[in-house]
Amino acid sequence: MPVDALDTRILRLLLEQPRTSVREYARILGVARGTVQARLDRLERDGVITGTGPTLSPAALGHPVLAFVHIEVTQGHLDDVGDALAAVPEIVEAFSITGGGDLLTRVVARDNAHLEDVIQKLISLPGVVRTRSEVALRERVPQRLLPLVESIGRASRT
């Protein structure tokens, strides 16, 4: 089911005020609490809402270095390497990609020496041919979804 204008208003509130109660969302939106709860349940069931936990800062957890590591994998070993990556705690995301490499990982580290240790661990995984790393200098646009939600909301009104 597509996301409509009320859904986008609910999603906006979730993003802007994540600790607010369903009752308060209903009051702000001027709809019944049951309506908001039913919409939230559907959005979760449909996979629009994928989590409700806090967003954590790797830097505040002592891992301020962020790198994007491209991994080239021996043909036929993508699943094996992907499974092995899940065992490396410093890998916070990994994606199969097209283009230069087979996997793109987001890696956090305590410092550059630690990053090198993590990369050496990745290189030693069976099926990994080579890696290419890019260290992030500064975050320019933090992860965000509100502009997308607002764009979808505008499109649903037309």
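Predicted model: local features only at pLDDT ≥ 70, side-chain atom pairs only at ≥ 80, totals over all residues.
Visitor: How is the protein divided?
Guide: There are two parts, domain 1 (5–54) and domain 2 (58–136). Their C-alpha centres lie 35 Å apart.

Visitor: Where is Thr 105?
Guide: Thr 105 sits in strand S3, which covers residues 103–109.

Visitor: Why is Thr 105 called buried?
Guide: Its relative accessible area is 1%. Buried means under 20%. The value 1% is under that cut-off, so Thr 105 counts as buried.

Visitor: Which residues is Thr 105 in contact with, leaving aside its neighbours within four places in sequence?
Guide: The list includes Ala 67, Phe 68, Val 69 and Ile 71. Leu 85, Ile 91, Glu 93 and Ala 94 are in contact with Thr 105 too.

Visitor: What makes Glu 93 and Arg 106 a salt bridge?
Guide: Their side chains meet at 2.8 Å, N to O. The cut-off is within 4 Å. The value 2.8 Å falls within it, so the pair counts as a salt bridge.

Visitor: Where do the two partners sit in the chain?
Guide: Glu 93 is in strand S2 (residues 91–96), and Arg 106 is in strand S3. They are 13 residues apart, and the pair links distant parts of the chain.

Visitor: Why is Glu 93 called partly exposed?
Guide: Glu 93 has a relative accessible area of 32%. Partly exposed lies between the buried limit, under 20%, and the exposed limit, over 50%.

Visitor: What makes Arg 132 and Glu 134 a salt bridge?
Guide: Their side chains meet at 2.6 Å, N to O. This value is within 4 Å, so the pair counts. Arg 132 is partly exposed at 39%, and Glu 134 is partly exposed at 36%.

Visitor: How many salt bridges does this rule give?
Guide: The count comes to ten.

Technical notes. Residues numbered from 1 in each chain as written. Heavy atoms only, no water. Helix = DSSP H or I, 4+ residues; strand = E, 2+ residues; numbered from the N terminus. Buried < 20%, exposed > 50% of the residue type's maximum accessible area, 1.4 Å probe, protein only. Contact = heavy atoms within 4.5 Å. Domains from an automatic or database assignment.
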